[in-house]
Amino acid sequence: GDADGAYAYEVGNGERWRQPFGDPEEAPATPYPPAVDEERVYVTVTSESDRGVYALDRRDGEILWSVPGLRAFRAPARSGSLLLVPVKSELVALDAATGERQWRTATRDDRPAFPPPAGLGARLALSDGETVHGIDRDTGEKQWSTDLDSPDRPAVVGDSVLVGADGVVALDLADGSERWRIDDVSAAMPLGNGVLARRRDELIACTACEN
């Protein structure tokens with residue numbers, strides 16, 4: 001997306017479609033990367049003249065549904081049948097097929113928005129900058145909360161939650177208990193069934209399981 005709206009390119013054939021949003025004279029209408037699945041592209045529009053969440057047909061960019069007025073503060077994420085949209089003071093779950101609101105989970109009072117949650121199964125993980133939460137994808141209810149030192153956005157690998165927090169910490173996705181941690185590393189990212197981290201001038205690959 002850009003100041004004019006959303007567009008798609010086909011490899012080798014150039015632009016496939018373009019869907020305009022907002023006013024090109026204002027700030028960019030689509031500031032965050034869209035979420036994409038096999039059927040739809042989900043675009044968050046935040047300009048003054050046009051604000052909301054739109055689902056577009058992946059093939060031709062046609063608008064399939066919209067939720068006017070819903071302002072995203074971070075990029076949306078797809079999980080199961082839901083589109084998860086971080087907005088001011090809460091995370092909102094929309095039905096990906098219809099746009100109907102399913103649930104909402106509030107952030108802490110001093111946090112404007114959650115980063116996009118992680119996870120594709122029945123449980124999701126998200127961070128509010130001081131605490132990592134496990135939430136039920138069907139209801140949005142917090143199942144557990146674990147305090148960490150400035151945790152980054154978590155990543156879910158199997159049944160573990162991997163978090164960059166003054167090192168790399170692995171939590172159990174079921175209850176939030178700590179499985180292991182590696183101190184003095186950074187740049188954590190999922191890699192197969194584990195995590196890739198950096199310690200000064202070397203890379204370290206670890207499996208996500210306890211041993």
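Let me start with Pro117. In this predicted model, Pro117 is buried, because its relative accessible area is 5%, and the cut-off for buried is under 20%. Pro117 sits in the loop between strand S10, residues 101–106, and strand S11, residues 123–127. What does Pro117 touch, leaving aside its neighbours within four places in sequence? The list is Ala77, Leu84, Leu91, Ala125, Leu126 and Arg153. Pro117 can also be placed relative to Val156: the two residues are 39 apart along the chain, and their C-alpha atoms are separated by 9.4 Å.

Next, two serines in loops. Ser89 is in the loop between S8 and S9. Ser89 is not a glycine, yet it has a positive phi of about 70 degrees.

Ser150 is partly exposed, because its relative accessible area is 48% and exposed would need over 50%.

Now Ala8. You will find Ala8 in strand S1, residues 5–10. Ala8 has a relative accessible area of 18%, so it is buried, given that the cut-off is under 20%. Beyond its neighbours within four places in sequence, Ala8 is in contact with Gly14, Glu15, Arg16 and Trp17. For a distance, take Gln19, which is 11 residues from Ala8 along the chain: the C-alpha atoms of the two are separated by 9.0 Å.

On to the cores. In soluble globular proteins, nonpolar side chains tend to be buried together. Here, the largest nonpolar core has 14 residues. Which of them touch the most other members? They are Tyr42, Val53, Trp65, Leu70, Leu83, Val85 and Leu94. Four strands each supply at least two residues of this core: S5 (51–57), S6 (63–68), S8 (82–87) and S9 (90–95). S8 gives the most, with three residues. Apart from this core lies another one, of 11 residues, among them Val157, Val185, Val195 and Ile204.

Tyr42 deserves a slide of its own. Not counting residues up to four places away in sequence, Tyr42 touches Pro34, Ala35, Val36, Asp37, Tyr54, Ala55, Trp65, Pro76, Arg78, Leu83 and Ala96.

Last, the chain as a whole. How many helices and strands does the protein chain have? Zero helices and 20 strands. Buried residues make up 47% of the 211 residues. Among contacts with a separation of 6 or more, 33% are between residues 24 or more positions apart.

As for size, the C-alpha trace spans about 50 × 40 × 30 Å along its principal axes. Why call the chain a compact globule? Because a compact globule with 211 residues would have a radius of gyration near 17 Å, and the protein chain has 18 Å, which agrees.

The accessible surface comes to about 10900 Å², and carbon and sulfur atoms account for 44% of that. Finally, the charges: there are 23 positive and 38 negative ones, and their mean positions are 1 Å apart.

Definitions and conventions. Residues are numbered from 1 along each chain as its sequence is written. This is a predicted model: local features need pLDDT of at least 70, side-chain atom pairs count only at pLDDT 80 or more; totals for chains, interfaces and linings use all residues. Side-chain values use heavy atoms; hydrogens and water are left out. The radius of gyration is taken over C-alpha atoms; the globule rule is 2.2 Å times the number of residues to the power 0.38. Buried means under 20% relative accessible area, exposed over 50%, partly exposed in between (1.4 Å probe, protein chains only). Contact means heavy atoms within 4.5 Å. Accessible areas come from the Shrake-Rupley method with a 1.4 Å probe; for residues, only the protein chains shown count as cover. Lys and Arg count as positive and Asp and Glu as negative; His and the chain ends are not counted. The place of a charge is taken as NZ of Lys, CZ of Arg, CG of Asp or CD of Glu. A nonpolar core is a set of buried Ala, Val, Leu, Ile, Met, Phe, Trp, Tyr and Cys residues joined through side-chain atoms within 4.5 Å.
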